[in-house]
Amino acid sequence: MEYTIEQIAALCGGQLVKNRQVTEKVQYLVTDSRRISFPATSLFIALKTSLRDGHQFLADVYQRGVRSFMVQHVPDAAELSDADYIVVPDSLQAMQQLAAKHRQQFTYPVIGITGSNGKTIVKEWLYQLLHDDFNIVRSPRSYNSQIGVPLSVWQMNSQHTLGIFEAGISQPGEMAALESVIGPTIGLLTNIGEAHSEGFASIEEKLLQKLLLFKHAHILFCNTDDERVAKAVANSGLPLFTIGSKEGNALHITGIEQEPVTTVTDNAVTAVKAVAMPFVIRVTAIYKGSNKTITIPFTDTASIQNAIACWAVMLYLEIEDAVIAKRIAALQQVDMRLQMVEALNNCAVINDSYSFDITSFTIAIEFLQQQNQYLKRTVILSDLPAFTAEENYGMVAQILEQKQIDRIITIGSKWQGYARLLAALPARVEQYASTDVFLQQVSVSHFRNEAILLKGARVFAFERIAAMLSQQVHKTVMEINLTALAHNLKQYQQRLQPGTRLMAMVKAFGYGSGSAEVANVLQFHKVDYLAVAYADEAVDLRKAGISLPILVMNVDEAAFDTIVEYNLEPELFSFPILKAFLKFLQQQGLQQYPVHIKLDTGMHRLGFEEPDMPALINILQQQQEVVVTSVFSHLTSSEDPNDDEFTHLQATRFERCCALLKEGLGYSFIRHLSNSAAIFRLPELQYDMVRLGIGLYGVDSANEHQLSLQTVGTLNTTIAQLRKVKAGETVSYNRKGKITRDSLIATLRIGYADGYNRRLGYGRGKVWVKGQLVPVVGTVCMDMMMVDVTDVPGVTENDIVEVFGAHLPVQQVAAWSETIAYEILTSVGQRIKRVYIEE
Ligand SMILES: *Cc1c(COP(=O)(O)O)cnc(C)c1O
């Protein structure tokens, strides 16, 4: 669908300032200046959020070739004058109105999904279950916000026959807008829970707000086993399709039973799953007076609930029972995450198995593009089964061109037919008829120093290519969720006073999470500074293409050359180091080099003290070699309210020193004192910049619980062997692990050489297996350890075991080891592979 700029202005009630003779029609809406694939046919919408004002990026967006804008005020800059502007009082509202008007042109059914959990899974499952019967347009990934919903609905066109969109709200008043944009004819409420409750007075209020999505729906699917839901929907007057275990529900669930997978002889798909999943769930129900049955290939409560909701929708759509049963038994896990793993020949492989849509593809390509630590970027791409038109392949080719991909490898005969679309690109193009042909002709040596994106439709089985490229050596991996890291960054950014800058601490291999990969995310999200402990760490970042200013905290004379060569900024903390650096710069003939002065206000580690100020000022006044970019100090106990008095004493000393320095130097500099815990707890100490460390990695060191930080690092290992051990026997070295009952013992592929502290032996430490915490038995060995899994039903060899992560917080493991989360995170051994996740 495309609109003229005049039509768009009319649809959203904006005032058009037209400066161009001819303007391309608008096809795409863009709200993020970093996500532009088709500049000529995009409308950039400058949104004002609490974090960012899109108007600041107009010049940047213009430079990339966009000429159509929606703004709240036209920019003054003359160089932006060859563009058309739609001026609106509130650009978010205008975008929503535009999407709502677009939506109204289509009369096919639209399913709107909301609820506290499971929205995305249900949406993706409905897609899996219904895409043979309908041409479906749906929200990409979890696009369910005030911004994400209009962008999703904008994808609707007249070829589609069904829309499936999700809506999420975090405070009262938001749903009305989403209702008008989605206009669901079919409603589905997944459930109601505690998630995202902050903005609501009560669960009941939240429920009422959510139900607003269904105001005009012809039918609402909901589960009445939750009394609160039953009551609210009964009072709502909406037409209902109820699901529940009580008689009287439209879909009356009569039984949910676990059974071994071997009894299901249904089809090959379930047989394959049997390896990983020894059980399935059999659900029986009564619908319109007759008995029905389905088997669900997942055993957790949430999956069962979600699958039953999908079942109800299929029954309502009058899909045959046999077809329903077959499709539900073949449901696939939904994984929208991008995974990046190290591969052979210094390569990285990003695996994107999420189904193809332009938004998701762009996100994956951009993640690839950010991997500056590799020399080249390669995309391996299969045919797009959902698309046949040349137009779709052309669009993909355009994105590949825009994003300057170095090498494109296509797999499949359709791409071979469209070879001309790729011929004009500067990239090297290779084409193969099938995955088999590719694997026969190409070996690992074909790739070197490159980041490789694998984007293959399921039938092309790209996991075979991933296996060929990557080095699966050690089954213990640390997953680093980069989306969670960005989320955590935002949590802190939102709490900064206006104008306060942010320095991100990436010392010690990014607190164990990886330096270049983490720094890429931070650079993308525009932090102001990075800091590392030693110059070598900064060199690695520069080599990986990080251009942000980098503070090096612990410098010595041997590092001066490196500092200057790589454009790094040293912390000067003593007279000897200051004098040595000045002398070095003189010899090099360098002037005005940026440096950072460290003050000791009570930590007594590094830094100048208050009585040093006159002498320090004297030296700085008499030289040209350095400029003081910032002055800073470090708090000893910002996380501890009992020490607040001392913290404020440190702040007072800091302020006095800064005042003296400013007067002596005759110019201002950036002042910074706060680390993670202080940013939130002591906002009055933010000064001009803050230094964010552990909080970025998802650990709330102040234990305030008011920050909703997400887990970044998850350390997973696997079970190497299971054995029965009789009461009276012992486990591990020195016979200290006495077994007091007949037990099932699992040997795990992790030991103290991987950073698992030996102090955690003898039951002090626990790990998380299949939903349960189980204790370590006996001594932790160098490369292995044993845990007691007697009470874990269904445990099998090669099962994944979480050492710390979302289910077992790293703080808990730290407490068991009598240390702090910082030490646990930074101790995770280098031989443990890091896998980077982008959601
Ligand atoms: C490590 C460090 C920080 C970050 O501390 P967190 O508690 O991890 O936020 C800040 N400043 C200095 C000088 C540091 O060494």
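**Confidence**

I began with the confidence of this predicted model. The mean pLDDT of the protein is 92, and 97% of the residues score at least 70. I then looked up residues 263-276, where the pLDDT is below 50. Beyond near neighbours in sequence, that stretch still has 14 contacts in the model.

**Leucine 11**

I located leucine 11 in helix H1, which runs over residues 5-12. I listed its contacts, leaving aside neighbours within four places in sequence, and got Tyr3, Gln97, Leu98 and Lys101. I also took the distance from leucine 11 to glycine 193, which is 182 residues away along the chain. Their C-alpha atoms are separated by 37 Å.

**H10 and H11**

I turned to helix H10 (residues 301-316) and helix H11 (residues 321-329). Their axes are 11 Å apart and the packing angle is about 155°. The cut-off for roughly antiparallel is over 145 degrees, so H10 and H11 are roughly antiparallel to each other. I noted the crossing of H10 and H11 as right-handed. On the H10 side the contact is made by Ala307, Trp311, Met314 and Leu315; on the H11 side it is made by Asp321, Ile324, Arg327 and Ile328. Sorted by class, the residues of this contact are six nonpolar, no polar and two charged.

**H18 and H20**

Next I checked helix H18 (residues 482-493) against helix H20 (residues 515-524). Their axes come within 10 Å and cross at roughly 45°. The crossing of H18 and H20 is right-handed. H18 contributes Leu482, Leu485, Ala486 and Leu489 to the contact, and H20 contributes Glu517, Val518, Val521 and Leu522. I sorted the contact of H18 with H20 into seven nonpolar, no polar and one charged residues.

**H23 and H24**

I then took helix H23 (residues 575-588) with H24, which covers 613-621. H23 and H24 pack at an angle of about 0°, with their axes 12 Å apart. Angles under 35 degrees count as roughly parallel, and that makes H23 roughly parallel to H24. I read off Phe575, Leu578, Lys579 and Leu582 as the H23 part of the contact. The H24 part is Ala615, Leu616, Ile619 and Leu620. By class, the contact of H23 with H24 has seven nonpolar, no polar and one charged residues.

**Binding-site annotation**

I looked up the UniProt record, an unreviewed entry, for the annotation "binding site". According to that record, the annotation covers Arg605 and Met782. The two span 178 residues in sequence, and the farthest two C-alpha atoms are 33.5 Å apart, so they do not all gather at one spot. I placed arginine 605 in the loop between strand S26 (593-599) and helix H24 (613-621).

**Domain annotation**

Last, I checked residues 712-837, which the unreviewed UniProt entry annotates as "domain: Alanine racemase C-terminal". Over residues 712-837 the chain is 11% helix and 37% strand. I also took the separation of the end C-alpha atoms of residues 712-837, which is 9 Å.

Technical notes
Residues numbered from 1 in each chain as written. Predicted model: local features only at pLDDT ≥ 70, side-chain atom pairs only at ≥ 80, totals over all residues. Heavy atoms only, no water. Axes fitted to C-alpha atoms, helices over the stretch in contact; angles between N-to-C directions. Helix = DSSP H or I, 4+ residues; strand = E, 2+ residues; numbered from the N terminus. Left-handed = near helix turned anticlockwise from the far one by under 90°. Contact = heavy atoms within 4.5 Å. Nonpolar A, V, L, I, M, F, W, Y, C, P; charged D, E, K, R; others polar. UniProt positions renumbered as here; feature names shortened; annotations may be inferred. pLDDT = per-residue confidence, 0-100. Parallel < 35°, antiparallel > 145°, perpendicular 65-115°, else oblique.
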